[in-house]
Amino acid sequence: MGTFIGHVYPGLFLFLYGLYQAVVISKAIIFSDSLLYPSSPPRNKGRCARLWKISYGGLLKMATGSLLTVYEVSCIKGGLILMNRELPPRFMYPKEWQHLTMFILLTLNGCVDFMSKNVLPQRCVGLEKGTLVLIIYQLLLLMVSHAKDSEGVELHVHSLLILVVFLLLLVLTAQLWAPNMCHLQLMEIFLMLMMGSWLMQAGFILYRPVSGYPWQDDDISDIMFVTTFFCWHVMIDASFLLGIYGFSSFWYHCYSPSLKLTGPKEAPYYASTPGPLYKLLQEVEQSEKEDQALLLAKCST
């Protein structure tokens, strides 16, 4: 029961969070808004303005991670101990400790998001992205070692999940250098949906099969259908993403004429004053232009 909930609940959270991010990025793309600084209501001192600025995603991550952490600890009879009292001592509950580490990482990610958006004087997107990349990197390491003790259908299910996490890590790493690129944002949301939906599917395959009978590790047809289900998840999640973008675009063009007249708000731009190096480069460029003009004049004479 514990391992089933440990797969389904985190998967449900990731899937719903991916849908929320899909709605946000669809609005940003359609309105030509900034992906990092989406448009917000006018700055006033009202309660609505303060509620708008709250990082609900960070709070949701903290709440979900904390609840899953408490549930994982309470599922073990006698407590989640690290080592037994035998000689030589042995580590106990390795998979449960890995689940606990993953849930703590989710909680820490929510704390960083909330602090960046609501505690620091200015939002630090680099801190949010860097922390997320570091957490996904640790998650990938945990999942690779998590699959060492599995075989057959379970190994195949975890291998496909590791593939999704690895691709997500590559996309998030690329976003460190291109944080406002919509293509990378769409790929991140799609992989987040894939990770969530496949986690839920893994819970039902491994612990609650629909047929009521466990999957057979020595049956090649079962392993082949695991891959088939994964491909179905790819198509369904892509359809979700396309449907959200299509619905948002339809709503904007048909039911929001006022937004077309006002137009999107420009994202805040922080210009930097030219430093000594920039002025030096300008002087060198001007000197090269003068030398070229002098050379052309000599050639013409």
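**The nonpolar core and its surroundings**

Modeller: Over residues 157-177 the chain is 90% helix and 0% strand, with the end C-alpha atoms 32 Å apart. Helices (H or I, at least four residues) and strands (E, at least two) are DSSP runs, numbered from the N terminus. The model is predicted, so local features need pLDDT of at least 70 and side-chain atom pairs count only at pLDDT 80 or more, while totals for chains, interfaces and linings use all residues. Residues are numbered from 1 along each chain as its sequence is written, and side-chain values use heavy atoms, leaving out hydrogens and water.

The stretch 157-177 is one of those that UniProt, in an unreviewed entry, marks as "transmembrane region"; the others are 12-37, 127-145, 189-207 and 227-252. UniProt positions follow the numbering used here, feature names are shortened, and annotations may be inferred rather than shown by experiment. Residues 127-145 are 100% helix and 0% strand, and their end C-alpha atoms lie 27 Å apart. The protein chain as a whole has 10 helices and 0 strands.

Now the core. A nonpolar core is a set of buried Ala, Val, Leu, Ile, Met, Phe, Trp, Tyr and Cys residues joined through side-chain atoms within 4.5 Å. Buried means under 20% relative accessible area, exposed over 50%, and partly exposed in between (1.4 Å probe, protein chains only). By that rule 36% of the 301 residues of the protein chain are buried.

The largest nonpolar core has 38 residues, and those touching the most other members are Ile136, Leu139, Met143, Val157, Val165, Met195 and Trp198. At least two residues of this core come from each of H1 (2-30), H4 (94-119), H5 (125-146), H6 (152-175), H7 (182-206) and H8 (220-255). The biggest contributor is H6, which gives 11 residues. Apart from this core lies another, of 12 residues, including Ile5, Val8, Ile25 and Ile189.

Which residues does Trp198 touch, leaving aside neighbours within four places in sequence? Trp198 is in contact (heavy atoms within 4.5 Å) with Val157, Leu160, Leu161, Ile205, Val226, Phe229, Phe230 and His233. Across the protein chain, 73% of contacts between residues at least 6 apart in sequence join residues at least 24 apart.

Rings of Phe, Tyr and Trp (its six-membered ring) pair if their centres lie within 6.5 Å; planes under 30 degrees apart count as stacked, over 60 as edge-to-face and the rest as tilted. The count comes to 7 aromatic pairs. One of them is Phe13 with Tyr17, stacked at 5.9 Å centre to centre with 20° between the planes. Both residues lie in helix H1, 4 residues apart, about one turn of the helix. Phe13 counts as buried because its relative accessibility is 9%, and Tyr17, at 14%, is buried as well.

The rings of Phe225 and Phe229 have centres 6.0 Å apart and planes at 55°, so this pair is tilted. These two residues lie in helix H8, again 4 residues apart, about one turn of the helix. Phe225, with 44% relative accessibility, is partly exposed. Ring pairs join Phe225 and Phe229 with Trp215 and Trp232 into a cluster.
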